[in-house]
Structure formats: C-alpha cells, structure tokens
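Here is a briefing for a reader who meets this structure for the first time. Please look over the sequence and the model before going through the points below.

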Amino acid sequence: MNILRIVLTVIFVIDCISLTVVVLMQEGKQKGLGAISGMADTYWGQNKGRSMEGHLVLATKIMAILFMVLAIVLNMKF
C-alpha cells in the first residue's frame, strides 16, 4: 500500500505542475476592442475548439478532474 501511495503522489505532483503550465499557456478571456466590434465572430473565433486554445482548455479540464480524483484518493485512509 505504501508503494501505491508513493506512485499516486508522484502522479499528483506531475499533474499539479502540468496543470499550472497549461493554465499559464492559455490566452486571456479579454480580447480588447476586437471583441467589442464583433471581431470574435470570425473564422478563427468560430473554430476555437479545433485550435491550440481549444486543446489547452480540454487538457485543463482533464487535468483538473485528475487533480480532484487524486486529491480525494490520497486523503483516504487505506
């Protein structure tokens, strides 16, 4: 059981560091004056899910779920 806890802790630390990096790589939600004038509805704005930003958002969601699950599992007494 002790080896399992060590392995899960290492995965948890790697997840924490990579989650921090992915969040810092994302663009801000405020686009300045382009969002006010309607520039957000361009081709790139509509296909955001297939872009690098879309992949970063998906990676953030997956790593956040993994973070929560590992935090709960590591705090259980076994």
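This is a predicted model: local features need pLDDT of at least 70, side-chain atom pairs count only at pLDDT 80 or more; totals for chains, interfaces and linings use all residues.

Residues are numbered from 1 along each chain as its sequence is written, and side-chain values use heavy atoms, with hydrogens and water left out.

**The chain as a whole**

- The protein chain has four helices and zero strands, where helices (H or I, at least four residues) and strands (E, at least two) are DSSP runs numbered from the N terminus.
- Of the 78 residues of the protein chain, 18% count as buried, a word that stands for under 20% relative accessible area, with exposed meaning over 50% and partly exposed in between (1.4 Å probe, protein chains only).
- When contacts (heavy atoms within 4.5 Å) are taken between residues at least 6 apart in sequence, 92% of them join residues at least 24 apart.
- The accessible surface, found by the Shrake-Rupley method with a 1.4 Å probe, comes to about 6,300 Å², and 73% of this belongs to carbon and sulfur atoms.

**The aromatic pair**

- The structure holds one aromatic pair, a term for rings of Phe, Tyr and Trp (its six-membered ring) whose centres lie within 6.5 Å, with planes under 30 degrees apart counted as stacked, over 60 as edge-to-face and the rest as tilted.
- Phe12 and Phe67 form this pair, which is stacked, with 5.1 Å from centre to centre and 20° between the planes.
- Because Phe12 lies in helix H1 (residues 2-25) and Phe67 in helix H4 (residues 52-74), the pair ties together parts that are 55 residues apart in sequence.
- Phe12 counts as buried at 18% relative accessibility, whereas Phe67 is partly exposed at 28%.

**Leu74**

- Leu74 has its place in helix H4 and is buried, with a relative accessible area of 14%.
- Apart from neighbours within four places in sequence, Leu74 is in contact with Arg5, Leu8, Thr9 and Phe12.
- Leu74 and Leu4 are 70 residues apart in sequence, and their C-alpha atoms are 9.8 Å apart in space.

**The nonpolar patch**

- Val13, Ile17, Val21, Met25 and Met52 form a nonpolar patch on the surface, with about 480 Å² of accessible area together.
- Patches are made of residues with over 30% relative accessible area and no salt bridge, with like charges joined within 9 Å and nonpolar side chains (Val, Leu, Ile, Met, Phe, Trp, Tyr) within 5 Å; a salt bridge is a side-chain nitrogen of Lys or Arg within 4 Å of a carboxyl oxygen of Asp or Glu.
- H1 gives the largest share of the nonpolar patch, four residues.
- Val13 is found in helix H1 and is partly exposed, with a relative accessible area of 42%.
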